[in-house]
Amino acid sequence: MSKIFSAELKKFESPTTLEQAVSGLWRIDEIILSTTDIKTLSEKIANVMLEELDYLKFGYIIIVLSLLDRSKKKLKRVSISKTEFAEKALINSPLPFEKITFDMNDKENLPVKALLENVPYVTDDLSDMLYPAIERDLVRNVQKKLGVLTSVTFPIYSKSSPLGTLIFSMNKKEELITDFEKQILIGFTNAAGIAIEHAVLFKKLNEANDKLKSLDKQKDEFLSMAAHELRAPMTAIKGYVSMVLEGDTGDIPEKTRGFLADTSNITDRLIRLVNNMLNVSRIEEGRMVYQMEEENLSSVVRTIFNQFTPEVERKGLKYDLEIPNEIKDKVMVDPDRIQEVVGNLLSNAAKYTDTGFVKVKLSQPEKETVRVEVIDSGPGISEVEQKKLFQKFHRVESNVGKTTGTGLGLYICKLLVEKFNGKIGINSVVGKGSIFWFELPLVTDASSNSN
Ligand code: ADP
C-alpha cells in the first residue's frame, strides 16, 4: 500500500560518506545542467545516478522518468535506466515503454497522485506505479521476477509548475533507505527539474530563432526579387528621359527641361536605392561577382562628381572637386562597385546638406594609400551616432522623418571598401558638417608587375 514518503532526517546512516555524496551530487548537477537537448537529458537523468554515484550498489535497480504533456493532461514515460533489471522489465511488459501513459485523472496511479499533490510517495507494490496502464497482476508477477521490494516516486516541479515524475525502484526494503539517501534523492529531483526547465526553454528559444531566421530569409528574398523587378523599368525611364533631354526628340521648352532633369535625378536616386537592396543580399550571401580591374580612382570620382552637379547646384550649394595633379590613384577594384561607393557618399552629402557646400577631395595620406573625402557643411553626426553608422539599416535618429532612406548605403559602402582591402570612416561635428572618407591601397608598379 502506498503511503507518504517521509523526508525528515532521523538517524545518519549513509551508504557512502557525506563528502562523497555531496561531490557526487555536484557532478550530477553539472552533467544534467549542461545538457540542453531534452531527449539526451531525459536519458542522462535516468542513468546518471546509477552510473556516476554507483547507486546499483545501494540497491537501486531501475530509475524511470516521466514528463507531463500539459496540453493533453497526460503523464508519459520518457526514459528508463539502462540496467539489466530494466531490460528484463521491458521484455516482460505487455506495453511498449513509450506507450505507458497515464491520464492526470488516474488518481490510483501513484506518480500521478504524487504530481497532483506535489508530495513524494513510497510503496512496496510496483503496480501502484503502473496501474491502470498495465494490469496489477501482470506487474506483480514481473516485480517478483525482478526482486523489486520498494519503489519511490518523486514529483518534479519547476518553481510552482509540475513537470513530471521520477520513480526509483530498489531491491531493498523501505526501512533501509537512509534519511541521508532521501536527501540525495530530493536534491537530485530538484536538479532534474531545473535541467528540464532549461532544456524546454532552450528548445523554445531555438524554435523561435529558427522561425525568425526563416522570416528573415523570406524578407531578403522578397527584397531581392522586388528590387530586381524594379530595376529594369527604372533604367528604361532613365534612358528615355536622357534621350529627351539630349534633344533626340527635338527642342524642349526650358521649363520642361527643368522637370525632366528632376525626373532624371530622382530616377538616379531610385536606381541607387534598388542597387543597394540588390547588393546587400548578394554580398551577404556571397553571390556578388566582382570584376576586379586596375582603375584610376580620380576618374571614377570625377565621373560621379559630375553626375551630381545638377542636384547639388539646384540646392544652391557650393560644389568643389579637388584632385592634386601629381596624385597616384591606381587601385584594384570592381569599377561599378566603387562608383556605387562614391555615389552613395555624394548622394548623402547632397541629401543631408541644406546650406553651405559639398566638396570632394582626393589625397595621399601615405605612400601606398589613396584617400577620398566627401566633405559637407550639413547637420553633422554626434559621436554616439557615429559609432552606430555603417551598420545595416541604421539611420540617425534626428534625420528619421525629415528624409527618406533605407540605412543601407553606408553599410554597403563599408562592405565594399573592406572587400577592396580599404577602410572607411567619418569625422563629424554636430552643426558643422561631416567628412566621410575611405582609403584604398594603391597598386604600386611592383604589385602590378607581380600580378
Ligand atoms: P540612408 O541615407 O538611406 O538613410 P545611409 O546608410 O546612406 O542610409 O546613411 C545612414 C544614416 O546616416 C542616414 O540615415 C543619415 O541619418 C546619416 N548620414 C549619412 N550621411 C550623412 C551626411 N552626409 N550628413 C548627415 N547625416 C548623414
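**Figure 1. Helices, strands and overall extent of the predicted model.** The protein has 13 helices and 14 strands in this predicted model. Its radius of gyration is 37 Å, well over the 22 Å that the globule rule gives for 451 residues, so the protein is more spread out than a compact globule. The C-alpha trace spans about 105 × 50 × 45 Å along the principal axes. Of the 451 residues, 47% are buried. Among contacts with a separation of 6 or more, 68% are made by residues 24 or more positions apart.

**Figure 2. The domains and the contact between domain 1 and domain 2.** The domain assignment divides the protein into domain 1 (3–207), domain 2 (208–284) and domain 3 (293–450). The centres of domain 1 and domain 2, taken over C-alpha atoms, are separated by 65 Å. Four residues from domain 1 and four residues from domain 2 take part in the contact.

**Figure 3. The largest pocket and its lining.** The volume of the largest pocket is about 600 Å³. Its lining consists of 35 residues, and those nearest the centre of the pocket are Asn348, Lys351, Tyr352, Arg395 and Gly405. Two or more lining residues come from each of helix H8 (254–284), helix H10 (335–352), strand S12 (369–376), helix H12 (409–419) and strand S14 (433–441). H10 gives the most, with seven residues. Sorted by class, the lining of this pocket holds 16 nonpolar, 14 polar and five charged residues. Domain 2 (208–284) and domain 3 (293–450) each contribute at least three residues to the lining of the largest pocket.

**Figure 4. The largest cavity.** Two cavities of 30 Å³ or more are counted in the model. The largest cavity has a volume of about 300 Å³. It is lined by 22 residues, with Ile80, Ala89, Ile100, Leu126 and Leu130 nearest its centre. At least two lining residues are supplied by each of strand S2 (60–69), strand S3 (74–80), helix H3 (84–92), helix H5 (127–130), helix H6 (136–146) and strand S7 (161–170). H6 provides the largest share of this lining, four residues. By class, the lining of the largest cavity divides into 18 nonpolar residues, three polar and one charged.

Figure 5. Asn265, Asp268, Arg269, Arg272, Gln307, Phe308 and Glu311 form its lining. H8 and H9 are the elements that give two or more residues to the lining of this cavity. H8 gives the most, with four residues. The lining of the second largest cavity has four charged residues, two polar and one nonpolar. Both domain 2 (208–284) and domain 3 (293–450) give residues to this lining, so the second largest cavity lies between them.

Figure 6. Serine 298 is found in helix H9, which covers residues 297–314. The relative accessible area of serine 298 is 8%, so this residue counts as buried, the cut-off being under 20%. Beyond its neighbours within four places in sequence, serine 298 is in contact with Ile323, Ile327, Asp329 and Leu362.

Figure 7. Valine 417 lies in helix H12. With residues up to four places away in sequence not counted, valine 417 touches Val341, Gly422, Lys423, Ile424, Phe438, Glu439 and Leu440. Valine 417 and valine 333 are 84 residues apart in sequence, and their C-alpha atoms are 9.0 Å apart in space.

Terms used: Residues numbered from 1 in each chain as written. Predicted model: local features only at pLDDT ≥ 70, side-chain atom pairs only at ≥ 80, totals over all residues. Heavy atoms only, no water. 1 Å grid on protein atoms, 1.4 Å probe; cavity = no way out; pocket = protein on both sides within 12 Å on 5 of 7 lines; lining within 4 Å. Points joined across faces, edges and corners; volume = space filled by probe spheres on them. Nonpolar A, V, L, I, M, F, W, Y, C, P; charged D, E, K, R; others polar. Domains from an automatic or database assignment. Buried < 20%, exposed > 50% of the residue type's maximum accessible area, 1.4 Å probe, protein only. Contact = heavy atoms within 4.5 Å. Rg over C-alpha atoms; globule rule 2.2 N^0.38 Å.
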